[in-house]
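Subject: Structure handover

Hello,

Here is the structure for you to look through. My notes follow below it.

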Amino acid sequence: MEVSFHKEIQSLKLGDGDIFHGEGILAVTKALLQSGVAYVGGYQGAPVSHLLDVLVQSEDILSELGIHLETCTNEAAAAAMLAASVQYPLRGCVTWKSIVGTNVAADALSNLASPGVIGGTLIVVGEDYGEGASVIQERSHAFALKSSIWLLDPRPDLPQIVKMVEKSFELSEASNTPVMMELRIRACHVFGSFETKDNVAAPKSTREKFAEPAPFDYARLAHPPVTFLQEGDKVNRRLPLAREFIAREGLNEFMGPEAGEIGIITQGGLFNGLNDRLADAGLSDAYGDLKIPTLVLNVTHPLLPDQIVDFARGKKAVLIVEEGAPEYIELAVGKILRQADLQTAIHGKDMLPMAGEYTAAVVGRGLATFLSRYNVDPGELGQWLEAVDTNRAALNAREAPALPPRPPTFCTGCPERPVFTAMKLVKEETGPMHVSVDIGCHALATFPPFSQGHSIIGYGLSLAAASAVSGTQVKRPFTVMGDGGFWHNGLLTGVAGSVFNQDDSVLVVMNNGYSSATGAQDLPSSKPKDSGRGRGLDMEKALRAMGVTWIKRVDNYRVANLVNVLRDARLTKEKGLKVILADGECQLARQRRIKPAMAKAVAAGERVMRTRFWVDEDTCTGDHSCIRLSGCPSLTIKPNPDPLRTDPVAHVNNDCVGCGLCGEVSHAAQLCPSFARIDIIQNPTAWDRARRGLSDLLIKLFGGETQDRPTRTPTAQGVPAE
């Protein structure tokens, strides 16, 4: 869920000599303001989505400095923003999630890097790699190498991160080259402090505009034949200038003693984890006072051959700590040392895994192997690793019952769940269907209880991914994408292509109003509101402008209607693209919006009613089809109160937000009528109390039982409804 930074962003106003306390993303933002940027933008995504949130929520501060803010429709649009710095002396920064976002932006990045830049440009990418990642496991390093973009990987320490942000603009301008900074989750959210500087307004900005456009200069275009000269310029002029700047400014760090028989070269982002294991071995402490020579590469491309050679000279061996594959740094270091005729042994992927996240245990094992190979006592590191193995063995040997599987699932009340419930009902009725799903919340439908989805290819690409399928199967395929994917890539890549090629398929667009999976940021179709940037663009009009004629709008929570529309889309004889706009606001965003309003109303003594659902234990058969069809986290089971019945009964816990899906599913699937709606009333009126009294009286007259509950104000009453 999107985090509110309205309190924290006050620290962005700190001036010269003040002390900033906070997390990495806010420190990056403060460093940008201190660097005199003229424009910022990007596309949300973990682990840097908060950076865009902070920028949007601090728009008043940006305006004071004349900084232009752009919330881009995709990463390619964000990268294209940097074209302003090709012709003008403007500093700019954009951000997105990598590696998927960098893939999207690749074309723009190549065309940006070829002519180079005049104003400093910084691309902050969230390096979403490892066990906690939500994307394919690849690295941004390849793009830096391919396009000659300098790559920074700062040590997770706030003063160092701030320094690297500020120096990145200087490096970019000194070498006329874009700079990319990768931030892992730990770097984004590391807490610390640093001494701040005054914010700096750019010489030219939204306040001080250029009087005239830049003169035409063909040499600044990424277009043949000048691109051939630009390729040579990258290597012959820009690369030496970059290396000279990196060396002069000391961007890479030498830590520990100057001399030693062995040494370590590490990516900056991995230093903290490495330092912890060195501390276990008695070779460092919590403050990074190393006892073994270590070269921390805060700049991983380009490498400095002279720096590498000087570090390795006189050493028997060097361990390279480089996460992920291929081993770009290890291969480059090996070449540098061989060309210098140094016979220092290079270790890396022979002692550390070729792929996968370098966790504490992984780094510890590789480090222990390296130290033992060269007769250095690993100290308590060996004991720590033994304890890890002992704990793991104990857990594996424990004869406890296996924990029930808990696959990822939609949030309670999520408006996307009823759509997949309806698709499951249609599937049971009309047979199997090919379902192409997209990146986003809807990808969770690939897990039980829905288990739907034949491909996840790219954000907004689900319809394009089904294009060949639609022409090779008798039954038309279904495609699902969110409104975020629709505006990101789906409208042009998917819809336009499908209409042009006359594909016969069904597209379901989850219109929940936000880019929900990344924190509920606004989209072009988001409704305008005080704290957002939505413009309320109409997806239906956009679809009709593309030539789509079969369009249906449905309320997600009306499952029976959903089933009818999905069935019609699948069985109709009408050919061509059929689009279903499934409307339902993201429940997390809705709760975040209405809960404060309800609390304020209750405190003011106003009547407030909220809804939740309840299962009649006497009616429930214990079949649990309701759970299998909806998968709602608030719908669970509990022991049957009837001693003559052994099957547990369905139960709705207190997480229920009253979306009504469970009851709708029971109706649409013709299940048992055990669900009832309960309206919980706070600050009830006299009429509410009278209804309550009449209800209790009628229940007693017909032999039922009622519970005595207080009716003092404020209170809450349950009023069963149909």
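**Helix α2**

The buried residues of α2 are S49, H50, L51, L52, D53, V54, L55 and Q57. That makes 8 of the 9 residues in this helix (residues 49–57), so α2 is largely enclosed by the rest of the structure. Buried means under 20% relative accessible area, exposed means over 50%, and partly exposed is in between (1.4 Å probe, protein chains only). Helices (H or I, at least four residues) and strands (E, at least two) are DSSP runs, numbered from the N terminus.

This is a predicted model: local features need pLDDT of at least 70, side-chain atom pairs count only at pLDDT 80 or more, and totals for chains, interfaces and linings use all residues. Residues are numbered from 1 along each chain as its sequence is written, and side-chain values use heavy atoms, with hydrogens and water left out.

**Salt bridges**

The count comes to 30 salt bridges. The rule is a side-chain nitrogen of Lys or Arg within 4 Å of a carboxyl oxygen of Asp or Glu.

- K197 pairs with E166, with the closest N and O atoms 3.2 Å apart. K197 sits in the loop between β8 (191–195) and α10 (226–249), and E166 in helix α8 (residues 158–175), so the pair ties together parts 31 residues apart in sequence. K197 is partly exposed at 40% relative accessible area. E166 is buried at 13%.
- R237 meets D233 at 2.8 Å, N to O. Both lie in helix α10, 4 residues apart, about one turn of the helix. R237 is partly exposed, at 34% relative accessibility.
- D696 bridges to R692, with the closest N and O atoms 2.8 Å apart. These two are also 4 residues apart, in helix α25. D696 and R692 are both buried.

Salt bridges with shared partners also join K167, E170, E244, R248 and E249 into one network.

**Pocket and cavities**

On a 1 Å grid over the protein atoms alone, a cavity is a set of points where a 1.4 Å probe fits but cannot get out; a pocket is an open set with protein on both sides within 12 Å along at least five of seven lines; lining residues have an atom within 4 Å of a point. A volume is the space filled by probe spheres set on the points.

The second largest pocket holds about 880 Å³ of space. It has 40 lining residues, and the closest to its centre are K97, V135, I439, G440 and Y459. Helix α19 gives the most to this lining, with 5 residues. The lining divides into 16 nonpolar, 19 polar and 5 charged residues.

There are 2 cavities of 30 Å³ or more. Of its 14 lining residues, C632, S634, C656, C659 and C662 are the closest to the centre. The second largest cavity has about 60 Å³. Its lining is E127, Y129, R139, E182, R184, Q267 and E323. By class, that is 1 nonpolar, 1 polar and 5 charged. Ala, Val, Leu, Ile, Met, Phe, Trp, Tyr, Cys and Pro count as nonpolar, Asp, Glu, Lys and Arg as charged, and the others, Gly among them, as polar.

**Also worth a look**

G273 is in helix α11 (residues 271–280).

Best wishes
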